[in-house]
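Here is a short briefing for a reader new to this structure. Look over the chain first, then take the topics one by one.

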Amino acid sequence: MFIKMTVENETGLLVQIVDSLPIEINTSNTNRIAIETVINDFLNHYTSRQTKMAYNRNISRFFKRIQVADTYQLWHMPYHQVKSELVNYINSYKKFEENQSDRILNPRSVNQVAFSLSAFFEHLIDNGYPKNPLKNWKSEPVQHQSNTISFTAVEIHKILDYVK
């Protein structure tokens, strides 16, 4: 999606016209709430220590990377820029097999980063952010077969013959 224009509506709110759809952003809110405070509030909804640690790491690194320290800065960043930064950040986690740029070695890690950021932006919507930039994110396919090495039928027969 590309922002075509930003205009002020009759109530003083800035409206970004995105692909002919207006997205209202309440920039009249001058409260500067530290991103870390919002992250901590978000993490209070989870009970698992591991989930909290992983989500905190992923979300904090993203906002540090884009140099956004508070909600005021985020609310004033163009939506398309936030979305682009999110996609670039998530893609930076992808590791590829040598000579195979189409096979991602760590799809679960990539998906976990995307899911944590998407959940955080859903939380931001409850606090006035217009919409989740990762709402339509397609997760990376995950191979469901085991990485455990298994024996062939011939190897099993050799082992059984040896044991006899």
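The buried residues of helix α2 are Ala-54, Tyr-55, Asn-58, Ile-59, Ser-60, Phe-62 and Phe-63. Their cover includes α1, α3, α4 (79-91) and α5. The model is a predicted one. Its mean pLDDT over the chain is 80.

**Helix α2**

- Helix α2 covers residues 49-65, which is 17 residues.
- At 1.5 Å a residue, α2 should span 24 Å, and its end C-alpha atoms are 24 Å apart, so the two values agree.
- An α-helix has 3.6 residues a turn, so residues three or four places apart point the same way.

- Gln-67 lies in the loop between α2 and α3.
- Gln-67 is not a glycine, yet its phi is positive, at about 60°.
- Most residues other than glycine have a negative phi.
- Is Gln-67 buried or exposed? Gln-67 counts as exposed because its relative accessible area is 68%, and the cut-off for exposed is over 50%.

- Asn-111 is found in helix α5.
- Asn-111 has 5% relative accessibility, so it counts as buried; the cut-off for buried is under 20%.
- Which residues does Asn-111 contact, leaving aside its neighbours within four places in sequence? They are Ser-139, Glu-140 and Val-142.
- Lys-138 sits in the loop between α5 and α6 (153-163).
- Lys-138 counts as exposed because its relative accessibility is 68%.
- The C-alpha atoms of Lys-138 and Ala-114 are 9.3 Å apart. Along the chain, these two residues are separated by 24 residues.

**The second largest pocket**

- The second largest pocket has a volume of about 170 Å³.
- Twelve residues line this pocket. The closest to its centre are Ile-33, Val-38, Thr-71, Trp-75 and Asn-127.
- Which elements give two or more residues to the lining of the second largest pocket? They are α1 (35-43), α3 (71-75) and α5 (107-125).
- The lining of the second largest pocket holds five nonpolar residues, six polar ones and one charged.

**Confidence**

- Of the residues in the chain, 76% reach a pLDDT of 70 or more.
- Over residues 1-22, the pLDDT is below 50.

Conventions. Residues are numbered from 1 along each chain as its sequence is written. This is a predicted model: local features need pLDDT of at least 70, side-chain atom pairs count only at pLDDT 80 or more; totals for chains, interfaces and linings use all residues. Side-chain values use heavy atoms; hydrogens and water are left out. On a 1 Å grid over the protein atoms alone, a cavity is a set of points where a 1.4 Å probe fits but cannot get out, and a pocket is an open set with protein on both sides within 12 Å along at least five of seven lines; lining residues have an atom within 4 Å of a point. Grid points are joined across faces, edges and corners, and a volume is the space filled by probe spheres set on the points. Helices (H or I, at least four residues) and strands (E, at least two) are DSSP runs, numbered from the N terminus. Ala, Val, Leu, Ile, Met, Phe, Trp, Tyr, Cys and Pro count as nonpolar, Asp, Glu, Lys and Arg as charged, and the others, Gly among them, as polar. Buried means under 20% relative accessible area, exposed over 50%, partly exposed in between (1.4 Å probe, protein chains only). pLDDT is the predictor's confidence in each residue, from 0 to 100. Contact means heavy atoms within 4.5 Å. The expected span of a helix is 1.5 Å times one less than its number of residues.
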